[in-house]
Protein chains: 2
Amino acid sequence: MSKNLLIRDAVGQILKEQREQSKLSMREVAQTAGVSLGYLSEIERGIKDPSSEIIGSVCRALLFDSADLLVEAGMRIREHELSLLQPTRRS
Amino acid sequence: MSKNLLIRDAVGQILKEQREQSKLSMREVAQTAGVSLGYLSEIERGIKDPSSEIIGSVCRALLFDSADLLVEAGMRIREHELSLLQPTRRS
């Protein structure tokens, strides 16, 4: 994969993983966070850039710290950038 | 200050500091990033939540890694949260 990892991709991935680790359904998280199911799905798939308030609401619904979300997202983007610098693996 | 530090506040602060450290004017950064001067000003003041693409463009204009931006923003929010837990200082 040579595509850049956008901030919203990394944020969406992490929010989805946190939700799955918490054994919560999208419906439960959407309801607690006060967003529609469709919008949460778009956030998790990195289709929508949520506002700071929405990220905060989803994080609270997951009992996940938004500071941890940012640090983790930054580290994933950094790892992804590094992986793009690696020589192509020979099969 | 007891107000929460939102993601866009932290992101705006850091982008502004990076621009000032680079001795670049808002006009120069706005032009290179392809955003209006007014919009860049709103981003720096934490008024607007920029999209992932706009954050990427502003970071590139500043030669600043967006992964570093996220990690730094997360750490600032964490520090701010910790500061809110400190007992009020007596004067």
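1. For background, most residues other than glycine have a negative phi. Lys23(A) is also exposed, because there are 7 other C-beta atoms within 10 Å and a count of 12 or fewer is what makes a residue exposed. Please keep in mind, here and below, that this is a predicted model.

2. Leu63(B) lies in the loop that joins H4 and H5 of chain B. Here too phi is positive in a residue other than glycine, with a value near 55° for Leu63(B). Leu63(B) has 10 other C-beta atoms within 10 Å and is therefore exposed.

3. Now for the overall build of chain A. What secondary structure does chain A contain? The tally for chain A is five helices and zero strands, and reading along the sequence gives α-α-α-α-α. The C-alpha trace of chain A spans about 45 × 25 × 25 Å along its principal axes. Of its 91 residues, 34% count as buried. If you take the contacts in chain A with a separation of 6 or more, 63% of them involve residues 24 or more positions apart.

4. Helix H1 (residues 7–21) and helix H4 (residues 52–62) of chain B pack at an angle of about 20°, and their axes are 10 Å apart. H1(B) and H4(B) are therefore roughly parallel to each other, since an angle under 35 degrees counts as such. The crossing of H1(B) past H4(B) is left-handed. To see where these helices meet, display Val11(B), Leu15(B), Gln18(B) and Arg19(B) from H1(B), together with Ile55(B), Val58(B) and Leu62(B) from H4(B).

5. The two chains are related in a simple way. Chain B is superposed on chain A by a rotation of 180° with 0.0 Å of shift along the axis, at an RMSD of 0.0 Å. The two copies are thus related as by a two-fold rotation axis. Which C-alpha of chain B is nearest that axis? The C-alpha of Val71(B) is, at 2.1 Å from the axis. Both copies use the same surface, as 100% of the contact residues of chain B recur in chain A.

6. Turning to the contact between the chains, 18 residues of chain B are in contact with 18 residues of chain A. On the chain B side, H1, H4 and helix H5 (66–85) each supply at least two residues. H5(B) gives the largest share of that side, with eleven residues.

7. Finally, the nonpolar core. In general, nonpolar side chains tend to be buried together in soluble globular proteins. In this model the largest nonpolar core has 42 residues, of which Val58(A), Ala73(A), Val58(B) and Ala73(B) touch the most other members. Ala73(B) is a handy one to follow: leaving aside residues up to four places away in sequence, Ala73(B) touches Leu70(A) from the other chain, along with Ile7(B), Ala10(B), Val11(B) and Ile14(B).

Technical notes
Residues numbered from 1 in each chain as written. Chains lettered and ligands numbered in written order. Predicted model: local features only at pLDDT ≥ 70, side-chain atom pairs only at ≥ 80, totals over all residues. Core = buried A, V, L, I, M, F, W, Y, C linked by C-beta atoms within 7 Å. Buried ≥ 20, exposed ≤ 12 C-beta atoms within 10 Å, placed from the backbone. Contact = placed C-beta atoms within 7 Å. Least-squares fit on C-alpha atoms with pLDDT ≥ 70 in both. Axes fitted to C-alpha atoms, helices over the stretch in contact; angles between N-to-C directions. Helix = DSSP H or I, 4+ residues; strand = E, 2+ residues; numbered from the N terminus. Parallel < 35°, antiparallel > 145°, perpendicular 65-115°, else oblique. Left-handed = near helix turned anticlockwise from the far one by under 90°.
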